[in-house]
Amino acid sequence: MEIMGIRIPTVISENNAARCEACGDPIEGTPFRVSILDIIATEIAPSFGERSPINPGPFQFCTDRTCPDRWIASRGWLRCSRSEVREIMRPIPLQATGVATIGLCDGIHRDDHEFVSA
Ligand SMILES: [Zn+2]
Ligand SMILES: [Zn+2]
């Protein structure tokens, strides 16, 4: 698009172009979006050109309620069973079976997390 002779690059996205992160189906209507609140603090910050360990999103899902969980599981992450899948999730660094991973929690409950395979 162009305003006053200045070209404004815009990302043209058609309404039906959004696809679910989990199942890849086109999303009809309003997608359910999940953002990861904070990038995990790493010992050493990524240097120029390196990617942060976590893309904060937002990630878009279709109306299938199982899709966010399937997506979490496909990344090898866990989800806190005391938490719902909400639009904003907090990552908690974990050592699950000796492998460093993260657990996602909405951070609303006050007792200990209970991370389970999503
Ligand atoms: Zn889906
Ligand atoms: Zn939790």
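Pro91 lies in strand S6, which spans residues 88-96, strands here being DSSP runs of E of at least two residues and helices runs of H or I of at least four, both numbered from the N terminus. The model is a predicted one, in which local features need pLDDT of at least 70 and side-chain atom pairs count only at pLDDT 80 or more, while totals for chains, interfaces and linings use all residues. Residues are numbered from 1 along each chain as its sequence is written, and chains are lettered from A and ligands numbered from 1 in the order in which they are written.

Pro91 counts as partly exposed because it has 19 C-beta neighbours inside 10 Å; a residue is buried if 20 or more other C-beta atoms lie within 10 Å of its own, exposed if 12 or fewer, and partly exposed in between, with C-beta atoms placed from the backbone. Not counting residues up to four places away in sequence, Leu94 touches Leu78, Thr101, Ile102, Gly103 and Phe115, where contact requires C-beta atoms, placed from the backbone, to lie within 7 Å. Between Leu94 and Phe115, 21 residues apart in sequence, the C-alpha to C-alpha distance is 9.1 Å.

## Overall architecture

The protein contains one helix and eight strands, and from the N terminus on its elements follow the order β-β-β-β-α-β-β-β-β. Of its 118 residues, 19% count as buried. Among contacts between residues at least 6 apart in sequence, 58% join residues at least 24 apart.

Cys67, leaving aside its neighbours within four places in sequence, is in contact with Cys20, Ala22, Cys23, Phe61 and Cys62.

Within H1, the residues Cys67, Pro68 and Ile72 are buried. They lie on the same side of H1 because they cover an arc of only 140° around the axis, the arc being that of the directions from the helix axis to the C-beta atoms. The cover over the buried residues of H1 includes S3, S4, S5 and S7. Just after H1, Gly76 takes a positive phi of about 80°.

Ser35 is found in strand S3 and is partly exposed, with 13 other C-beta atoms within 10 Å. Leaving aside neighbours within four places in sequence, Ser35 is in contact with Pro56, Gly57, Pro58, Glu87 and Ile88; the C-alpha atoms of Ser35 and Glu87, which are 52 residues apart along the chain, are separated by 5.9 Å.

Pro58 lies in the loop between strand S3 (32-36) and strand S4 (59-61), and a cis peptide bond with an omega of about 5° joins Gly57 to Pro58. As background, most peptide bonds are trans, and most residues other than glycine have a negative phi.

Definitions and conventions: Two residues are in contact if their C-beta atoms, placed from the backbone, lie within 7 Å.
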